[in-house]
Amino acid sequence: MADREQPVTLRTRKFIRNPLLGRKQMVVDVLHPSRPNVSKDELRGKLAELYKASKDSVSVFGFRTQYGGGKSTGFALIYDSGEAMKKFEPHYRLVRYGAATKVEKASRQQ
């Protein structure tokens with residue numbers, strides 16, 4: 001059975017509109033009773049569809065699965081534009097989503 005075919009329910013709470021940072025921020029509860037977990041990429045797509053935004057302006061992080069499974073809770077940010085995301089989002093998260101490239105540094109010598 002393919003995991004993506006199993007039903008997943010998204011519930012948002014503590015929804016805040018943050019105009020200074022150009023984003024909406026919320027806590028996301030994911031109900032996935034017949035799946036062990038849900039990928040962040042899939043969650044970004046579902047939230048973008050739910051809030052009528054592009055997938056490239058959605059950031060999800062900090063997900064923890066409850067003991068016993070079936071429910072995960074994390075945090076989501078939906079930016080008004082891609083420029084706002086590039087300006088305010090940490091660089092490592094931009095690298096995760098493919099919006100920036102990782103800076104390769106030489107390793108420290110002992």
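Author: Helices (H or I, at least four residues) and strands (E, at least two) are DSSP runs, numbered from the N terminus. This is a predicted model: local features need pLDDT of at least 70, side-chain atom pairs count only at pLDDT 80 or more, and totals for chains, interfaces and linings use all residues. Residues are numbered from 1 along each chain as its sequence is written, and side-chain values use heavy atoms, without hydrogens or water.

Reader: In what order do the elements of the protein chain run?

Author: The protein chain has 3 helices and 4 strands. Read from the N terminus on, they come as β-β-α-β-β-α-α.

Reader: In which order do the strands sit in the sheet?

Author: The sheet is open and has 4 strands. Two strands pair if DSSP finds at least two bridges between them. The pairing here is antiparallel, and the strand order is 1-2-4-3.

Reader: By how many degrees are neighbouring strands turned against each other on average?

Author: Direction is ignored for this angle. The axes are lines fitted to C-alpha atoms. The average for neighbouring strands of this sheet is 20°.

Reader: Which residue in strand 4 is the bridge partner of Phe61?

Author: Strand 3 and strand 4 (residues 71-79) run antiparallel and are joined by 6 bridges. Along this pair, Val58 stands opposite Ile78. Phe61 has as its partner in strand 4 another phenylalanine, Phe75.

Reader: Which residue takes a positive phi in the hairpin of strand 3 and strand 4?

Author: This hairpin has 5 residues between the strands. The positive phi is near 95°. The residue that takes it is Gly68.

Reader: At about what angle does helix 1 run to strand 3?

Author: Helix 1 covers residues 40-50. It lies across strand 1, strand 2 (23-31), strand 3 and strand 4. Its angle to strand 3, on a scale from 0 to 180 degrees between N-to-C directions, is about 125°.

Reader: What percentage of the residues in the protein chain is buried?

Author: The C-alpha atoms fill a box of roughly 45 × 40 × 25 Å, taken along the principal axes. Buried means under 20% relative accessible area (1.4 Å probe, protein chains only). Of the 110 residues in the protein chain, the buried share is 35%.

Conventions. Contact means heavy atoms within 4.5 Å. Buried means under 20% relative accessible area, exposed over 50%, partly exposed in between (1.4 Å probe, protein chains only).
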